[in-house]
Amino acid sequence: MTTWNLKGTKSHLLICNGSSCMRKGGEEVTQAVRDEISLLGLDEEIHTTRTRCNGRCKDACIVIAYPEGNWYRVDSPEIGRQIVRDMNEPGLETHKVYQFVNGEMSPNPAAAAIVGVSKKK
């Protein structure tokens, strides 16, 4: 297993490879994101990690961008590539299902994501 030197890393993309996301193109999204990073020469600035289920299966595929804390619904490899190109640009608002606002996670009103199940009992 590799131990990466993350010095200089500016963003970390967590790409869901759970079963729902994989059924909805997770492998293709993963490869497109990684390919775009390489094409743009951003390998030292953007690190990627494949994850298991991130708990937003109905929004599959999910890509989470940190340190921003944005959760994206990625329904095609091209949207995955666009995330790499425009992570902090407004063009992805309809794909950003959750974001940090005032220090807490909030649903993005511009996205058509489901509310989901509350963790409160």
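**Backbone and pockets**

A: Start with N102, in the loop between β5 and β6. The model is predicted. N102 is not a glycine, yet its phi is positive, near 55°. Most residues other than glycine have a negative phi, and most peptide bonds are trans. N102 is also exposed, because its relative accessible area is 80%, and exposed means over 50%.

β5 (96–101) and β6 (104–107) each give at least two residues to its lining. The largest pocket holds about 510 Å³ of space. Its lining has 19 residues, and R56, Y98, I114, V115 and G116 are the closest to the centre. By class, 12 lining residues are nonpolar, three are polar and four are charged.

Now the second largest pocket. Its volume is about 260 Å³. The lining has 13 residues, with W4, D43, I46, H47 and T48 nearest the centre. α2 (26–39) and β2 (46–51) are the elements that supply two or more of the lining residues. Four residues of this lining are nonpolar, five are polar and four are charged.

Two peptide bonds also deserve a look. The bond from A60 to C61 is cis, with omega near -5°. C61 sits in the loop between β2 and β3 (62–66). The bond that joins Y66 and P67 is cis too. Its omega is about 20°. P67 belongs to the loop between β3 and β4 (70–73).

Note on methods:
Residues numbered from 1 in each chain as written. Predicted model: local features only at pLDDT ≥ 70, side-chain atom pairs only at ≥ 80, totals over all residues. Heavy atoms only, no water. 1 Å grid on protein atoms, 1.4 Å probe; cavity = no way out; pocket = protein on both sides within 12 Å on 5 of 7 lines; lining within 4 Å. Points joined across faces, edges and corners; volume = space filled by probe spheres on them. Helix = DSSP H or I, 4+ residues; strand = E, 2+ residues; numbered from the N terminus. Nonpolar A, V, L, I, M, F, W, Y, C, P; charged D, E, K, R; others polar. Buried < 20%, exposed > 50% of the residue type's maximum accessible area, 1.4 Å probe, protein only.
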